[in-house]
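Open the structure in your viewer and keep the selection panel at hand. The stops below say what to select next and what is there.

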Amino acid sequence: VGSRSQEKAQAFADQWGFARAYGSYTELFKDPAVELVYIATPHSQHYENAKEALLNDKPVLCEKAFTATAWQAEELFELSRERGVFITEAIWTRYVPLSRTINEVIESGIIGQPKILSANLGYPLSHVERNQRADLAGGTLLDLGVYPINFASMVFGPDVESVVTTCTKSATGMDEQESITLTYPGGRMAVLHSSMIAKTDRQGIVSGDKGHLIVQNINNPEKITVLGMDYETLAVYEQPQQITGFEYQVRACMEAIENGWIESPYMPHAESLRIMRLMDSLRKAWGVVYPWDR
């Protein structure tokens with residue numbers, strides 16, 4: 001584990017059983033024994049941390065939101081290509097088995113043609129300092145709103161035709177709550193909302209012309225319930241036993257490194273970049289500004 005001081009790193013290592021503790025991230029990146037770097041610093045630091053790791057030829061698993069802005073993501077992916085070093089976004093819902101089950105259920109035709117979905121995520125987190133600071137890439141979107149957006153993308157794909165959105169802001173100018181409506185080809189629609197001042201039900205619902213499915217907790221899917229035309233339960237899928245849910249993205253990184261890939265099929269670079277560009281455009285529409293915006 002690496003931290004900004006040896007004392008912090010050692011305390012964390014002692015608490016959680018880490019074999020090595022580094023007093024700086026640079027020391028960690030330069031250790032030849034390190035085979036994969038997991039970056040879980042604030043969003044504002046992802047770009048710098050990931051760039052230094054790649055320059056030291058360390059494969060990277062970087063927490064969502066991947067970066068603070070899209071241009072930062074573009075540069076990291078270009079650097080990954082130039083050096084032939086793996087990097088992927090650590091948004092765990094892309095890797096957990098039940099997420100794949102959602103699309104399998106839809107593709108089976110049991111709910112008919114999917115026409116509209118809704119998804120939300122909200123926790124009272126406005127008291128957390130980094131969420132109120134632009135210089136730490138604060139607000140709800142990068143912390144929580146990224147999950148409903150990814151849910152919509154996993155179900156309806158990348159071809160967004162139009163976006164209608166609004167948000168409320170905190171006293172520091174960060175987005176507190178937001179509503180995002182995306183339309184797709186064929187008249188499909190995704191209605192998304194997130195909040196850092198309210199605790200929501202975290203549900204994702206996909207409705208077709210023959211029924212609908214309910215995903216309990218889009219953050220880490222726990223159960224999928226499929227209902228028919230008369231709201232009768234047709235099927236229930238439970239979450240497989242897991243350690244924390246984070247193990248799936250680590251296994252995906254191991255798979256990619258062993259195969260010499262520079263990206264993971266579970267979260268391709270193009271998809272991370274597309275979502276970063278969408279989030280840039282949302283913040284621009286709201287007037288939520290970060291120091292790195294161009």
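Start by selecting helix 5 and helix 6 (residues 141–156), whose axes come within 10 Å and cross at roughly 40 degrees. Axes here are lines fitted to C-alpha atoms, for helices over the stretch in contact, with angles from 0 to 180 degrees between N-to-C directions. Helix 5 is therefore oblique to helix 6 (under 35 degrees is roughly parallel, over 145 roughly antiparallel, 65 to 115 roughly perpendicular, the rest oblique).

This is a predicted model: local features need pLDDT of at least 70, side-chain atom pairs count only at pLDDT 80 or more, and totals for chains, interfaces and linings use all residues. Residues are numbered from 1 along each chain as its sequence is written, and side-chain values use heavy atoms, leaving out hydrogens and water.

Next, show side chains where the two helices meet. Ser99, Ile102, Asn103 and Ile106 of helix 5 meet Phe151, Met154 and Val155 of helix 6 (contact means heavy atoms within 4.5 Å).

Now select Ser99, in helix 5 (residues 97–107); helices are DSSP runs of H or I, at least four residues, numbered from the N terminus. Ser99 counts as buried because its relative accessibility is 7% (buried is under 20%, exposed over 50%, partly exposed in between, with a 1.4 Å probe and protein chains only). Leaving aside residues up to four places away in sequence, Ser99 touches Thr93, Met154 and Pro221.

Finally, go to Gly260, in the loop between helix 7 (247–259) and helix 8 (269–286). At 57% relative accessibility, Gly260 counts as exposed.
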